[in-house]
Amino acid sequence: KGDQPYHNLAIEKALMEKVREGEMILYLWQNCKTIVIGRNQNPQNECNLDVLKNEQVILARRESGGGAVFHDSGNLNFTFVMCTEAYDEEKQNNVILSALKSLGIAAYKSGRNDLLIDGRKFSGQAYYHHNGKSFHHGTIMLEVSEEDLSRYLKVSVKKLNDKHVSSLR
């Protein structure tokens, strides 16, 4: 289980290398307790490293940019993989938004990379383009431990209160 985040990130990269013209792959995945940071982030600025170490929480770095995110079994991750010429962020987001709508959940996109319900963020997203291939990935917070999230990440209390979404079943 300790290699799960690295395995999932490697699958994401392998799918990007293997995707063919005309294909779009949707990869759904979960991790054990993990903090995943963007390619340019400094973990000392984003995470409470001593707490991660003491609680054996995995720290991983992804190919894309964006902010630090917390993964656990209450978080569903998605990755859309395609050739760059087929990349269409609006179309990809509509897959997620349509799925939620079919469950009676009115979600929408706001800002550059957030999906919201009732003004509260439940999904952050990031993107990566390389050698004519692209991926768009993100989190869907279903039943994430707010206590763990606030212990592991250096997030301001105001930001956490403004963005927190109650668990979605």
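**View 1. Cysteines C47 and C32.** C47 has a relative accessible area of 1% and is therefore buried, where buried means under 20% relative accessible area, exposed over 50%, and partly exposed in between (1.4 Å probe, protein chains only). C32 also counts as buried, at 15% relative accessibility. The structure holds 0 disulfides, a disulfide being a pair of cysteine sulfur atoms within 2.5 Å. This is a predicted model, in which local features need pLDDT of at least 70 and side-chain atom pairs count only at pLDDT 80 or more, while totals for chains, interfaces and linings use all residues. Residues are numbered from 1 along each chain as its sequence is written, and side-chain values use heavy atoms, with hydrogens and water left out.

**View 2. Helix α4 and its cover.** Helix α4 comprises the 14 residues 89-102, and its end C-alpha atoms lie 20 Å apart, in agreement with the 20 Å that the helix should span at 1.5 Å a residue, the expected span being 1.5 Å times one less than the number of residues. Helices (H or I, at least four residues) and strands (E, at least two) are DSSP runs, numbered from the N terminus. Within α4, Q92, N93, I96, L97 and L100 are buried, and the elements that cover the buried residues of α4 include β1, β5 (75-83), β6 (107-110), β7 (114-117), β8 (120-130) and β9 (133-141), with contact meaning heavy atoms within 4.5 Å. After α4 comes G104, which has a positive phi near 85 degrees.

**View 3. L26 in strand β1.** L26 belongs to strand β1, which covers residues 24-29. With a relative accessible area of 41%, L26 is partly exposed.
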